[in-house]
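This report concerns the contact between two protein chains. Please examine the sequence and the structure shown here before reading on.

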2 protein chains.
Amino acid sequence: MTRTIKVLLAEDQSMVREALAALLGLEDDIEVVVQVARGDEVLPALREHDVDVALLDIEMPGATGIEAAALVHAELPAVKLVVLTTFGRPGYLRGAMEAGADAFLVKDAPASQLADAVRKVLAGERVIDPTLAAAALADGANPLTDREREVLRAAADGSTNAELATVLHLSQGTVRNYLSTAIQKLAVRNRAEAVRIARDKGWL
Amino acid sequence: MTRTIKVLLAEDQSMVREALAALLGLEDDIEVVVQVARGDEVLPALREHDVDVALLDIEMPGATGIEAAALVHAELPAVKLVVLTTFGRPGYLRGAMEAGADAFLVKDAPASQLADAVRKVLAGERVIDPTLAAAALADGANPLTDREREVLRAAADGSTNAELATVLHLSQGTVRNYLSTAIQKLAVRNRAEAVRIARDKGWL
DNA sequence: AGGGCCGTATGACATCTGTCATCCGGCAGT
DNA sequence: ACTGCCGGATGACAGATGTCATACGGCCCT
């Protein structure tokens with residue numbers, strides 16, 4: 001063995017974060033040198049610590065793990081990126097790959113895959129679940145335009161058309177047009193279903 | 001010290017489950033003797049293993065941690081129950097307490113609280129987050145009737161009134177009446193908001 | 001220069017949703 | 001016996017939502 005692999009761990013839930021650190025701590029060749037709880041703390045932390053692999057949860061306050069990955073990839077390309085998530089959404093996988101991630105793991109995979117992935121990305125390999133990769137390819141890209149996505153996202157909490165129009169600085173008719181096209185593209189019958197399936201695919 | 005505390009760990013996401021096991025494994029006086037990934041595997045596992053404390057996640061397939069807790073409390077009252085959850089929803093806390101739980105922890109609490117809680121419940125103490133307890137009391141009990149809850153739950157995926165009527169064997173008008181009263185009880189303006197806040201409070 | 005897509009907007013229309021009044025039968029409490 | 005609540009239902013009405021045709025300016029690609 002050469003030397004220990006230095007890891008940054010980004011995950012907002014303390015208990016899970018520290019548990020994952022404990023898990024990685026069981027490996028002789030891996031050392032968690034820094035932990036953060038927010039997406040926007042990832043890059044600053046990496047500037048201050050010498051890290052080989054960054055392990056990023058997606059759902060975090062401040063910035064998502066995918067957004068953080070994109071920033072790190074641009075500024076510190078030598079750092080390997082492992083994206084970890086609760087939800088194996090095809091759109092997440094696609095987003096992570098486009099952001100320069102080297103591995104994509106779901107949290108219901110066996111724990112052993114975590115340390116494995118860390119070693120593999122450091123060796124230059126990429127690690128992705130083949131089933132999820134297939135699903136991502138089958139689904140194709142996000143069919144929604146930026147505006148449609150914004151409106152759908154804003155509509156997700158049950159806001160009315162009038163509220164959406166105010167918040168987004170659009171006319172009510174335009175809001176309805178966007179929602180209507182989104183509903184058609186997703187092949188569903190109302191905004192609530194549209195929100196559900198867009199969220200499910202990781203397109204929101 | 002007397003002897004090691006034997007723990008059952010129930011959590012569906014393997015990576016998190018094994019990470020939590022690793023975390024607890026760092027404690028000299030605690031031993032995870034059995035792990036399960038489904039709510040309906042908890043009671044059978046407890047029948048076969050001698051366990052002091054059961055650690056139950058809420059969101060699990062098969063049965064929720066709260067449902068599992070109620071069954072265990074009825075059949076094996078000697079087993080102490082720690083309910084662990086991602087979402088600190090007041091209704092969850094209330095439900096867990098009514099099911100006989102001895103402790104209620106949220107996953108974004110510091111990791112140290114986990115082992116602490118295990119020791120405390122074994123000593124006969126109860127462990128709950130005071131902030132959450134206050135919120136649960138402030139919110140009062142779930143104001144929805146069984147039927148209103150069922151209809152709201154069924155409506156959560158964006159189903160239309162006609163579909164709800166068919167699935168629930170009700171007339172369309174009745175479906176609308178239930179949704180209407182639910183909307184008023186929750187003081188919101190449409191079903192989508194009603195679903196969101198009911199879910200948020202843990203009333204769904 | 002023209003075609004295509006996007007963002008934005010309007011008006012008209014049909015349908016869905018939410019509210020309200022009112023009704024019935026059953027059951028629990030007084 | 002009476003009251004109140006729940007489950008269930010109907011009909012009428014107002015307002016919200018979804019669809020469609022149509023329009024215009026901007027931008028990219030050919």
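The sections below describe the interface and then the aromatic rings.

## Basis of the report

This is a predicted model, in which local features need pLDDT of at least 70, side-chain atom pairs count only at pLDDT 80 or more, and totals for chains, interfaces and linings use all residues. Residues are numbered from 1 along each chain as its sequence is written, chains are lettered from A and ligands numbered from 1 in the order in which they are written, and side-chain values use heavy atoms, with hydrogens and water left out.

## The interface

Two salt bridges are counted between chain A and chain B (a side-chain nitrogen of Lys or Arg within 4 Å of a carboxyl oxygen of Asp or Glu). E163(A) forms a salt bridge with R189(B), and their closest O and N atoms are 2.3 Å apart.

## Charges over rings

In chain A, the charged end of R89(A) sits over the ring of F87(A), 4.4 Å from its centre. In chain B, the charged end of R89(B) sits over the ring of F87(B), 4.3 Å from its centre. A charge sits over a ring if NZ of Lys or CZ of Arg is within 6 Å of the ring centre and within 35 degrees of the ring normal.
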